[in-house]
Each structure stands twice: as structure tokens, then as C-alpha cells.
Amino acid sequence: MAKFRVLSLDGGGSWALIQVMALIDLYGGNATGHQVLQDFDLAAANSGGSIVLGALVEDMSLTTLLNFFLSEEKRKSIFVEKPHLPETPKYKTEEKLIGLHAALPQRGGWLLHEAAADIRSSETGKAIHLLIVGFDYDRSRSRFFRSAPASGPAWGDGDAAQVRLAEAIHASSNAPVLFFDKPAEFLSEPGKRYWDGAITGCNNPVLTGVVEAIVLGQTPHAIVALSIGTGSVCLPQAPAGAPKSAIYAPPENPGILHDVEKLATAIVDDPPDAASFLAHVLTGGSPGVPGPVDSRVVRMSPMVSPVRDDGGNWALPEGLDEDAFSTLANLAMDAVAQDQVLAIQNLASLWLQDKVSNQPIRTDANLKPEVGQGWFSQAKAAWNAIR
């Protein structure tokens, strides 16, 4: 049975540099975006992941793309700061679209179907299917920006979007409330306004990508998916009598301002049991998958989480002291300052060396993998086995 290969890229602002570093590990820094995308039949992305996808469609080399994320000047061309008070938006929405066009000078102005037309799957020879997730602000519902229709008698009309690549990314990456100051608007769809696709529950868009593949006529067992995240924080509750430590979840202090902030940032949270596990079930689970792989979905994403030491106690991961761990655990998705981004880069480097845990598809209460891989090297081997 021919494979239908899905690439899924989570949202997460500047943390999306983790995705670029993972792709460099898989393909090498000199690989271009089209060389990566030719290994897939469908690419689904949200927010920060849609910026990575846009650069792959632009055919940037992976090293050039990583340098974009590591450049404070380039980051601030998208995250354009504005004077703000605490608990108010930090960035200018309208300036973001200008920055995206500047970052994607070749294809940012192309319609999605034009941008995808010459990027062809090495498996089928067909143009890659692009799927970028947004949230329609005025209709309060999901909006899927597609490069081609996904329609059928059993599915209804999934239309191709008549918007430009940079515009779809602009809609998808417009995190509200604490981040950007107004909904995204653009010339291709006058009068329509958008927020970040994470509002739809698709910050991890792997489930969306798998469903889209089925709508396109693929059988679930033919679908394999590589889901690359942007890191997640997973801290255990402190046991009774334990000393205060960054490795334990701090107690919450409910209140209107705290809860508004928590709701605004919760849109980017994706516990291991959510989208990845649902996609695992939808594609048939483990039956028919060559061992020791246990799923047609491979999840790659570092966890800011303690690990068990030889005595079975929670401990800091190798390479992170308490200050560095605490910084990462409390770092917002919109990290722009250079020291913050370098901290994310260091996390990704440790993850690629198996010093920081990988987020599996599902864990037990002790963060032990039940489905999926607990280390990056294992996830890489799993993907190479099923791709």
C-alpha cells in the first residue's frame, strides 16, 4: 500500500525554531524547503508552524531559516512591538503582514495553489496539499486555508482558499488578547478578519491533517504523519513535604487578571493525550505497523519536564540547572529577546542529544510513555521506519 505522508507543524511563535532544528537533524542544514516538502503529500500548519511552512514553500535552506529565527532583527520584523501596559497586546498586527511579505519575497504574494503547484511528492508526483489553520473572528469558527479543494459527496465542499501565502500565515499567526492588537485583515478577502488558528483547538494540527487526508480519499492505514511541536511544559505536582523547586508545578492564584491570561495562553497548550493521540486512534493505532514502532503518527517535540533519576526521584534534565529550567518553564511563546531565544535553542540542542525528554503520543501519570517515543532518537528511528 502506498503511503500518504503528512507533515504537521505546531504553533508556538519563536519556539518554532525547534521545528527547524529537528528538520536540520533529519535532512541536513543545506537541504532546501522543497527538498523537505517533496517527502510529503500534505503539510498542515498553524501559527509559528505556518511561518516555518511558508519558508519551506519559499524554498529557503534550513540553515537560512534557522538564522531567521535566531536573528533578533528578523524576529522583530514580525513581532513588531508597540507601547503597551501590562495585560494589553504587545505587537502590531498590521506590521506583521508587512514583515511576512518581506521574509517571503518570492512566493509570499502567490496564491496558495500557485505556491504549491511545483512542489511535488516524490511518492506520487502530485503537488503537495497545503493546509493552514485560522480562526474566523466574525463567524467564530475554524477557517482552513487550502491550496486545493478537499470535497466529496460524503464530505461537502472544502474549498481552495483564494488568498496569498503570506496572508494565510498572517491569519494563522495572529494570537489574540495578550499578543497582537487586532484581528488580521488583508486585501484578498476584504471585510474578513482572523485570529490565530490555535483558537480552533488546532495549535497541534496533526488531527486536522489526518482528517484532511481521509477527505482527500486516503484510507486511514495508508496515512503516516510526522508531527513536530514547539515544546511543552509538563511539571508534576510536588509531593507532600517536598522543598520548593522549579521542577514542580507551582500553586495557582485564581483571579480575573490571572485567569484571563491563563485562558489567552491556554490556546497553545497541547497535552500529549490530545491531538496526537486522536490522530493515532484515527489512523488505526498500532496494528499493521512494523515493530518496535507503535503508531502511524510520530511526535517530535521537547518537554520542559523533570526526569527520573536512578533512585526514581524527579530531577533536572542533564544540561539544565534550576535557573535555566525555570526560565524555560515560564517563557512565553512570543519570546523575542535574544537571551530568551538562545534558551530555546539550547533546549532544542539538548533534546536532539536525548538529554531532554521527547513528548510521546500518550503518557501515564508519571510521564512514562505509553504510546510513542520518550526520546528524540527513538522518534527519529520510528519515522524512518514508517515513512
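A salt bridge (a side-chain nitrogen of Lys or Arg within 4 Å of a carboxyl oxygen of Asp or Glu) joins Glu 318 to Lys 355, with the closest N and O atoms 4.0 Å apart. This pair links distant parts of the chain, 37 residues apart: Glu 318 lies in the loop between strand 11 (314–315) and helix 12, and Lys 355 in the loop between helix 13 and strand 12 (362–363). Helices (H or I, at least four residues) and strands (E, at least two) are DSSP runs, numbered from the N terminus. Glu 318 is exposed, at 53% relative accessible area, whereas Lys 355 is partly exposed, at 26%; buried means under 20%, exposed over 50% and partly exposed in between (1.4 Å probe, protein chains only).

The model is predicted: local features need pLDDT of at least 70, side-chain atom pairs count only at pLDDT 80 or more, and totals for chains, interfaces and linings use all residues. Residues are numbered from 1 along each chain as its sequence is written, and side-chain values use heavy atoms, with hydrogens and water left out.

The structure holds 14 salt bridges. One of them pairs Asp 10 with Arg 299, the closest N and O atoms being 2.8 Å apart. Asp 10 lies in the loop between strand 1 (4–9) and helix 1 (17–27), and Arg 299 in strand 8 (residues 297–300), 289 residues apart. Asp 10 is buried, with a relative accessible area of 3%, and Arg 299 is buried, with a value of 3%.
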